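Reader: I am new to this structure. Please take me through the helices, one question at a time.

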Amino acid sequence: MAISITPDFSTASTAVTAAVGAYLLFGEPWLGRRLYGSLARRRDTEPRALVGYFTFVLVFWWVLAALAAAALLLSPDMTAADLGIAVPESPLATTVVIAVFIAVAVSSGRKMRALAKGGRNVPGLASIQAMLPRTAQERRLAIAVAVTDGICAELVYRGLLIAFGVGVLGLDVYAAAALSVLVYAVAGLYQGRSGLIAFGLVGALFAGVYVSTGSLLLPVVIHVALSVRDLTLPEPEPIGSVPVHVPAPKGN
């Protein structure tokens, strides 16, 4: 059963959300490419390169989340539930799904780490190689980025964009969700066609879970679990000067 939301955006809220959407669609792929490209070039020569990158990502994501909150506060007739900030319709079922998914994420993470440590290929790992932590501090920041990515990306991509599609563009919730998936998929262009497809599939999963539960809780937990798993994998090989595709400023 799809969620039923009736977001009523004010003029100011519409302007803020439109600006965020324009950035996500056009600005983030460009900025992410530049930032990650710089990180990949400096990773082996500047010890604190990853710390600086992660710090920027943390600040940037919370700025976007703050803009989403501003869009809500600037619209007196819009409620938090219109952005997915609500208790799931079935808390017990959601709890069970969360437990199962976390177990799957942990199990798959162990298998992926074993493959990486054994020198075997882990699909997609090379594309985020520069973000893989080497020190305890980097590992702590990687986890912080993963948690931030899960919370803020779901609020912005699913909560805000779907509400905008329904309340401003006049789309039904399914079409608005599809639009949010398209915008999210663009973030995977740094990995080429495979990245576009992968982000699109994962985005469809997140959007589908949100639309069916009426809450961002489960998508956030799934997103965080995947991001923590991926950003804590061991680095497969030294980066050196090998060209690396560049991601948007996020952990997943």
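Author: A crossing is right-handed if the near helix is turned clockwise from the far one by less than a right angle, and left-handed if anticlockwise. The model is predicted, with local features needing pLDDT of at least 70, side-chain atom pairs pLDDT 80 or more, and totals for chains, interfaces and linings using all residues. Numbering starts from 1 along each chain as its sequence is written, and side-chain values use heavy atoms, without hydrogens and water.

Reader: At what angle do the axes of H4 and H6 cross?

Author: Helices are DSSP runs (H or I, at least four residues), numbered from the N terminus. H4 covers residues 136-167 and H6 residues 193-213. Their axes, fitted to C-alpha atoms over the stretch in contact, come within 11 Å and cross at roughly 60 degrees.

Reader: What does that make H4 and H6 to each other?

Author: Angles under 35 degrees are roughly parallel, over 145 roughly antiparallel, 65 to 115 roughly perpendicular, and the rest oblique, on a scale from 0 to 180 degrees between N-to-C directions. H4 and H6 are therefore oblique.

Reader: Is the crossing of H4 with H6 left-handed or right-handed, and which residues make the contact?

Author: H4 passes H6 in a right-handed crossing. From H4, the contact (heavy atoms within 4.5 Å) takes Glu154, Arg158 and Ile162. From H6, it takes Gly203, Phe206, Ala207 and Tyr210.

Reader: How do H5 and H6 cross?

Author: H5 spans residues 173-186, and its axis comes within 8 Å of that of H6, at roughly 145 degrees. Residues that meet there include Tyr174 and Ala177 in H5 and Phe199 and Gly200 in H6. The crossing is right-handed.

Reader: How is H6 set against H7?

Author: The axes of H6 and H7 (residues 217-231) come within 8 Å and cross at roughly 155 degrees. That makes the two roughly antiparallel.

Reader: Where does H1 bend?

Author: The bend is the angle between axes fitted to the seven residues ending at a residue and the seven starting there. In H1 it is about 55 degrees, and Pro29 follows within four residues of the bend. The residue is Gly27.
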